[in-house]
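Open the model in your viewer and keep the selection panel at hand.

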Amino acid sequence: DFPPSSLSSTPGRFITADSSFMDGMEKAVLVSPVLEILDWSCLRLVYQITGAGSLQVHQRQEGDNFDYTLWSVDKPSDSWLIASIDLRNTSNTYQLLMEGQPRKETGSSVALFEIHIVPGYCIECNFEEHHLCGYSNHWNPNVNWYVGGSLARDPQSNLPDDHTMNNQRGHYMYVDSVYAKHFQEVAKLTSAMTTTPVSGCLSFYYQRDQERGNIFSVFTRDTLGHYEEIWRPEVYATISWRLVNVDIKAPHPLEVVFEVAFNSARGGYVAIDDISFSPEFCHTETEPLVDPSIANCDFEKDLCHYHRERVASKVWNWVTVKPNAYRIGDHTTGTGSFLLVNTYFTLWYGYMGRLHGPFLPGNHKYCLRFYYALHGFRSVDNALMIYIYDENNVAQEKVWSLTETTREIWTKVDITYTKPMTTKVVFVSICQNFWDCPLLALDDIRVAIGDCRIPAGPVPGECDFETGDCGYTQEKTDSGDWLRVQGQTPTSYTGPRGDHTTGVGYFMYIEASLMRPGHTARMLSTDLRGSMEPHCLIFYYHMYGSGTGILSVLLRRGDTHREALLWRRHGEQSISWMRAMLDYMCDCRHQIVFEAIRGPSIRSDIAVDDIVIKKGPCTADLGDNIPYSGFSENLIEFEY
């Protein structure tokens with residue numbers, strides 16, 4: 001905290017949600033008026049959480065089923081804190097919801113003292129306000145950032161006038177070496193974490209004294225704590241305020257860190273002021289021209305921008321597997337296409353098969369994601385390796401190789417890589433002899449700018465069950481429940497070997513051995529507000545087992561509690577996870593109900609995963625247009 005700007009002592013009124021009047025499960029919601037904000041703006045909250053509790057800020061758009069979470073916090077504090085939340089420019093009107101939930105513990109509360117919406121980006125600041133735009137000082141016993149300027153300063157000081165007002169009345173931030181006692185004493189001034197991706201030009205003014213006595217740098221820091229230096233001065237000492245423009249390309253949340261290190265008490269000072277941001281890049285030559293989505297491919301229609309070497313064209317085979325009870329199909333839909341290495345069409349051994357991706361520009365951090373599946377019992381040595389090649393087709397680095405893993409399940413792989421030159425991803429499979437050549441499948445390749453290790457925030461209407469049930473609840477019955485589990489289900493010849501999301505994650509299913517024939521388990525979504533526009537429901541289901549029963553999806557209206565059947569499957573469908581997509585419309589409050597009915601035998605497990613409810617109709621050529629179905633006939637195994 002900054003010594004001159006404590007907010008806890010500021011007189012005035014505040015609004016609070018207190019555990020004395022709530023049961024620990026209730027939420028207090030403060031709703032804004034309808035807002036029409038056409039330009040990028042910043043919401044600043046002064047808040048405090050006492051004891052245990054949480055505070056969330058949501059955006060509610062007209063005609064949408066869901067509220068979109070912009071920011072959340074659950075850490076208690078003994079003083080008022082500043083939150084800075086970016087509000088992206090949009091032509092749609094919306095409302096902001098401040099949702100406080102104090103826990104049951106005595107004395108717990110969530111309080112709001114100030115709510116301000118100001119134009120501009122949250123990382124912008126001229127330091128004229130007492131809250132300092134959410135910038136914070138990393139406390140050091142000897143060197144710290146302080147608020148400079150004002151008429152009250154020491155007349156003997158050599159610190160500059162403020163840049164904003166160009167006089168002694170304005171304010172700026174500065175750090176001085178006068179109390180530095182050790183070599184490399186460091187002072188850090190850190191912005192609030194951005195709450196949405198930003199790319200553009202960061203500008204600020206600085207003054208610097210004593211060129212040999214300090215090191216001044218500007219970094220970005222992501223949510224994993226990784227630093228990246230984006231600027232350091234070419235001129236060590238300045239006699240006036242100097243403007244700096246530096247490009248930021250941030251597909252994920254970050255903080256901007258102004259860092260000064262002193263070598264001694266004679267290290268002089270550094271001052272900064274008037275931090276601003278523009279969505280236009282400072283230098284046009286640095287503006288990214290890359291579209292990493294050109295490297296995406298689900299292999300449904302063709303090989304996209306991937307190509308096989310002439311020899312490898314007989315190694316990497318483009319195949320489709322019809323729904324069956326023996327061999328898994330593709331990861332995308334369960335009935336689509338994927339690539340398969342070492343099929344029965346490969347008539348020789350001792351080959352190296354390469355699958356080349358498109359070239360992508362250098363100096364970017366890329367996140368590569370894909371799915372693979374192993375079949376059979378042969379060795380996995382050299383079955384699949386990932387290399388980064390340059391423009392001369394020279395391998396720069398092997399970034400991943402396959403190790404022993406679960407068979408007959410699609411497994412997700414995340415790889416983050418950065419290279420200074422233009423590169424491409426190459427999938428390599430080597431077969432030396434018959435026993436070293438397992439069947440290996442590849443599907444759903446995705447490439448994006450960013451770090452795979454930075455988790456994406458929750459998306460309203462989407463649930464992969466990896467961290468919980470996403471608000472889905474059981475309808476209490478005496479006959480059965482949906483269970484959230486990880487890994488293979490216990491009964492043989494029924495149920496999935498793993499989840500659809502990663503292959504090693506969680507999913508929901510009914511365990512038939514715990515139920516009787518005809519028993520029902522019902523899982524309900526959270527309340528959805530309703531809309532006059534169509535919505536698309538997408539989910540993956542698994543119905544494998546000779547005694548499989550019925551899976552139905554119903555819409556329950558909130559006003560009448562009547563239920564309408566949206567979709568149904570009966571009997572064994574496939575050993576694969578299958579995708580279902582269906583359109584529906586409901587203009588009142590409602591819930592989506594997943595109902596599973598146990599079949600005649602214990603081989604009747606039914607599972608669901610990766611549920612998505614999104615605004616707008618489903619894509620016409622990918623939809624599941626068959627609302628009702630009996631047992632899938634002609635379960636024919638594809639001969640690899």
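## The whole chain

Start with a cartoon view: the secondary structure comes to zero helices and 39 strands. Helices (H or I, at least four residues) and strands (E, at least two) are DSSP runs, numbered from the N terminus. This is a predicted model, where local features need pLDDT of at least 70, side-chain atom pairs count only at pLDDT 80 or more, and totals for chains, interfaces and linings use all residues. Residues are numbered from 1 along each chain as its sequence is written, and side-chain values use heavy atoms, with hydrogens and water left out.

Now colour by burial. Of the 640 residues of the chain, 52% count as buried. Buried means under 20% relative accessible area, exposed over 50%, and partly exposed in between (1.4 Å probe, protein chains only).

Contacts come next; a contact means heavy atoms within 4.5 Å. Of the contacts in the chain with a separation of 6 or more, 82% are between residues 24 or more positions apart.

## Stop one: Asp 273

Select Asp 273 in strand S18 (residues 269–278). Is Asp 273 buried or exposed? Asp 273 counts as buried, at 0% relative accessibility.

Move to Pro 358, in the loop between strand S22 (351–356) and strand S23 (364–375). Pro 358 is buried because its relative accessible area is 14%. Show its surroundings: Pro 358 touches Ile 294, Ala 295, His 305, Tyr 306, Thr 423 and Lys 424, not counting residues up to four places away in sequence. Pick the C-alpha atoms of Pro 358 and Lys 424. They are separated by 5.7 Å, though these residues are 66 apart along the chain.

## Stop three: the largest cavity

Which residues line the largest cavity? Select Ala 295, Tyr 306, Gly 357, Pro 358, Leu 360, Val 425 and Val 447. The largest cavity has a volume of about 40 Å³. On a 1 Å grid over the protein atoms alone, a cavity is a set of points where a 1.4 Å probe fits but cannot get out, and lining residues have an atom within 4 Å of a point. Grid points are joined across faces, edges and corners, and the volume is the space filled by probe spheres set on the points.

Select Ile 115 in strand S8 (residues 109–119). Ile 115 is partly exposed, with a relative accessible area of 40%.

Notes
On a 1 Å grid over the protein atoms alone, a cavity is a set of points where a 1.4 Å probe fits but cannot get out, and a pocket is an open set with protein on both sides within 12 Å along at least five of seven lines; lining residues have an atom within 4 Å of a point.
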